[in-house]
Amino acid sequence: MASGEAALAQAQVELDKTVIRAGVTGRVEQFALQVGDIVNPFARPAGVLIPEVGRPALFAGFGQVEAQVVKVGMVAEASCVSQPWTVIPMVVTSVQDFIASGQFRGGEQLVDVQNVQRPGTVLVTLEPLFPGGLDGVVPGSSCFANAYSSNHEAIASGKLSTGKALALHVVDAVGLVHAMLLRIEVLILPIQLLVFGDGH
């Protein structure tokens with residue numbers, strides 16, 4: 001009987017080795033394995049684990065020159081290709097405080113910073129300003145976004161010099177122009193993709 005129990009325990013251990021558990025909740029998509037395919041951690045099977053998102057959000061890359069301007073709490077707007085003719089009000093909820101293109105991995109070659117062709121962007125997390133704002137947007141969709149600063153209170157306080165108040169007026173005016181350009185792009189993009197694009 002002891003021999004049988006030991007064999008059962010050994011069989012259970014071998015069976016447990018065939019079960020893979022993910023560290024996050026999600027679903028497996030595009031799992032294209034067939035009977036007879038070899039599965040191991042190095043050959044990377046065709047399955048992709050897509051984690052469930054707790055809160056819907058967009059990730060946007062802003063230029064490095066905007067790193068000192070984009071702050072948590074700023075109002076933003078976004079539009080996504082999968083939901084045409086829609087401008088979604090957003091708010092900045094986090095700003096990554098490092099540039100991804102600045103990383104390097106130790107290896108057998110010396111790192112030459114000239115080989116970093118693109119300067120990299122500041123990763124910003126945007127969440128919808130109102131509940132359900134991202135309903136209808138397919139996860140992974142291509143989007144474009146603008147973030148807007150508001151200097152109205154600082155200008156209205158009267159504590160700024162004339163030059164600085166004028167400069168902040170110009171900044172707010174540029175934001176208004178960007179908002180109009182975003183709306184023009186929202187109107188034109190679906191027509192451009194469907195009529196002049198090469199995909200169907």
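In which strand does Thr 125 lie? Thr 125 belongs to strand S6, which spans residues 121-128. The model is predicted, and a search of the whole structure finds 2 salt bridges. The second largest pocket holds about 450 Å³ of space.

**Surroundings of Thr 125**
- Thr 125 is buried, because its relative accessible area of 13% is under 20%.
- The side chain of Thr 125 makes a polar contact, at 2.9 Å, with the side chain of Ser 94.
- Apart from neighbours within four places in sequence, Thr 125 is in contact with Ala 57, Leu 58, Phe 59, Val 91, Val 92, Thr 93 and Ser 94.

- Side chains of opposite charge can pair when their charged atoms come close.
- Glu 77 and Arg 183 form a salt bridge through their side chains (2.6 Å, N to O).
- Glu 77 lies in strand S4 (residues 75-80) and Arg 183 in helix H3, so this pair ties together parts that are 106 residues apart in sequence.
- Glu 77 is buried at 14% relative accessibility, whereas Arg 183 is partly exposed at 37%.
- The side chains of Lys 17 and Glu 14 also meet in a salt bridge (3.6 Å, N to O).
- Lys 17 is exposed, with a relative accessible area of 59%, and Glu 14 is partly exposed, with 39%.

**Second largest pocket**
- The volume of this pocket is about 450 Å³.
- Its lining comprises 20 residues, of which Val 69, Ala 147, Tyr 148, Ser 149 and Gly 175 are the closest to the centre.
- Strand S7 (143-148) and helix H3 (162-196) are the elements that give two or more residues to the lining.
- Helix H3 supplies the largest share, 8 residues.
- The lining divides into 12 nonpolar, 6 polar and 2 charged residues.

Conventions
Residues are numbered from 1 along each chain as its sequence is written. This is a predicted model: local features need pLDDT of at least 70, side-chain atom pairs count only at pLDDT 80 or more; totals for chains, interfaces and linings use all residues. Side-chain values use heavy atoms; hydrogens and water are left out. On a 1 Å grid over the protein atoms alone, a cavity is a set of points where a 1.4 Å probe fits but cannot get out, and a pocket is an open set with protein on both sides within 12 Å along at least five of seven lines; lining residues have an atom within 4 Å of a point. Grid points are joined across faces, edges and corners, and a volume is the space filled by probe spheres set on the points. Helices (H or I, at least four residues) and strands (E, at least two) are DSSP runs, numbered from the N terminus. Ala, Val, Leu, Ile, Met, Phe, Trp, Tyr, Cys and Pro count as nonpolar, Asp, Glu, Lys and Arg as charged, and the others, Gly among them, as polar. Buried means under 20% relative accessible area, exposed over 50%, partly exposed in between (1.4 Å probe, protein chains only). A polar contact is a pair of N or O atoms within 3.5 Å; within protein, one must be able to donate a hydrogen and the other to accept it, and residues adjacent in sequence count only if both atoms are side-chain atoms. Contact means heavy atoms within 4.5 Å. A salt bridge is a side-chain nitrogen of Lys or Arg within 4 Å of a carboxyl oxygen of Asp or Glu.
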